[in-house]
Amino acid sequence: RHPMPLLATLFGAAFTLATAYALGVLAMRKHPAPPEITLGIGAAAESVLVFVVLLFHLAHWGVFLGIGGAAMVAAWRWRGLDAGASAPAPIRIPLAGWAIFGAYGVWYLVNALAPESIADGITYHLGLPNEYLRLGGFGDHITFYDLVPQGMEMLYTVAFAFGRHAAAKMVEFAFFLATLPLIFRVGRRLGASDLACLVAAVFYFCAPVAGITGSSSYNDAAGVFFLLAAL
C-alpha cells in the first residue's frame, strides 16, 4: 500500500481511540479504573459528543480534531488528581498465551488494515458515516438503519473522517483486543483461576466468527467488549 493512506488509517484509528481514552480519564479522574474500562467509558462519551455534532450539522474532520485535542489537553492537565489511588491489579498472561494471541492478532491486523469487503460494512456500518460526513450531519431521508442504535458508528464517523474505511475497522479491532484483559478481570471476579481465564480468552479470540467481526467494521466485537466492561 502507498504509505500515505496507511498513515491516514493509523492516525484516524489512533486519534479516535486517544480521544475516547482522554474523555475516560476526565470522567474517571477521581476513581481509579483499569485502562480498558477508562477507554470504554470515554468511548461512550465520545459517541454522544459525535451524535450532538451530527445533530447540529457540524461534522467535519476539523471539528473532530478540535474536540479530540481539547480532550487530550484537559486529560493531561488533570491527569494527576488520582495519583495517590491504588491502581488495579495488572493482568499477567503466560508466554503460551502471548504466542497464541500474537499469531492470531497479526493475522487479524492484516485483515483489519485491508479495505472493507463485507456488504454490511460498506452499506451500513461505514456507509452511514460516509453519508454523514458528506452532508455534515444526519440526512433528511431516514432509512431502516438510521433507526437502530449507532454507538460504534459514531466512533467510526470520526475515524472515517481521517482514514476512511480501514481506520474505522481498526477502531473495532482495538476493542476486540481490549476484550482480552476484560475476560481475565471478569474471571477473577467470579473466582476463576488465571488458567481458566486464559482458556476462555483463547477460545473467544481464536473463534473464526470473532475474528471476522473483530477485524471488520461489524460492531459485534465491540458489543462483547462493552458487555464485559459493564459487568
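**Cavity, pocket and contacts**

Modeller: The residues lining the largest cavity divide into five nonpolar, two polar and one charged. Here Ala, Val, Leu, Ile, Met, Phe, Trp, Tyr, Cys and Pro count as nonpolar, Asp, Glu, Lys and Arg as charged, and the others, Gly among them, as polar. Please note that this is a predicted model, in which local features need pLDDT of at least 70, side-chain atom pairs count only at pLDDT 80 or more, and totals for chains, interfaces and linings use all residues. Residues are numbered from 1 along each chain as its sequence is written, and side-chain values use heavy atoms, with hydrogens and water left out.

Biologist: Which residues line the largest cavity?

Modeller: The lining consists of F15, T19, E46, V50, F64, I67, G68 and V158. On a 1 Å grid over the protein atoms alone, a cavity is a set of points where a 1.4 Å probe fits but cannot get out, and lining residues have an atom within 4 Å of a point.

Biologist: What is the volume of the largest cavity?

Modeller: Its volume is about 50 Å³, and the count is one cavity of 30 Å³ or more. Grid points are joined across faces, edges and corners, and a volume is the space filled by probe spheres set on the points.

Biologist: Which helix supplies the largest share of that lining?

Modeller: That is α3, with three residues. At least two residues each come from α1 (3-27), α2 (35-55) and α3 (61-77). Helices (H or I, at least four residues) are DSSP runs, numbered from the N terminus.

Biologist: How do α3 and α7 cross?

Modeller: The axes of α3 and α7 (residues 151-189) come within 9 Å and cross at roughly 115°. Axes are lines fitted to C-alpha atoms, for helices over the stretch in contact, and angles run from 0 to 180 degrees between N-to-C directions. W61, F64 and L65 of α3 meet T157, V158, A161 and F162 of α7, where contact means heavy atoms within 4.5 Å. These residues divide into six nonpolar, one polar and no charged.

Biologist: Now the largest pocket. What lines it?

Modeller: P34, I37, P88, L182, R185, V186, R188, R189, L228, A229, A230 and L231 line the largest pocket. Two or more of the lining residues come from each of α7 and α10 (220-230), and α7 gives the most, with five. A pocket is an open set of points with protein on both sides within 12 Å along at least five of seven lines.

Biologist: And what are its volume and its residue classes?

Modeller: The volume of the largest pocket is about 340 Å³. Its lining has nine nonpolar, no polar and three charged residues.

Biologist: Staying with α7, is T179 buried or exposed?

Modeller: T179, in helix α7, has a relative accessible area of 0% and is therefore buried. Buried means under 20% relative accessible area, exposed over 50%, and partly exposed in between (1.4 Å probe, protein chains only). Not counting residues up to four places away in sequence, T179 touches Y204, A221, V224, F225 and L228.

Biologist: What about S47: buried or exposed?

Modeller: S47 belongs to helix α2 and counts as buried because its relative accessibility is 11%. Leaving aside neighbours within four places in sequence, S47 is in contact with Q150, G151, M154 and L155.

Biologist: Where is F56 found?

Modeller: F56 is in the loop between α2 and α3. At 60% relative accessible area, F56 is exposed. The C-alpha atoms of F56 and G137 are separated by 6.9 Å, with the two residues 81 apart along the chain.
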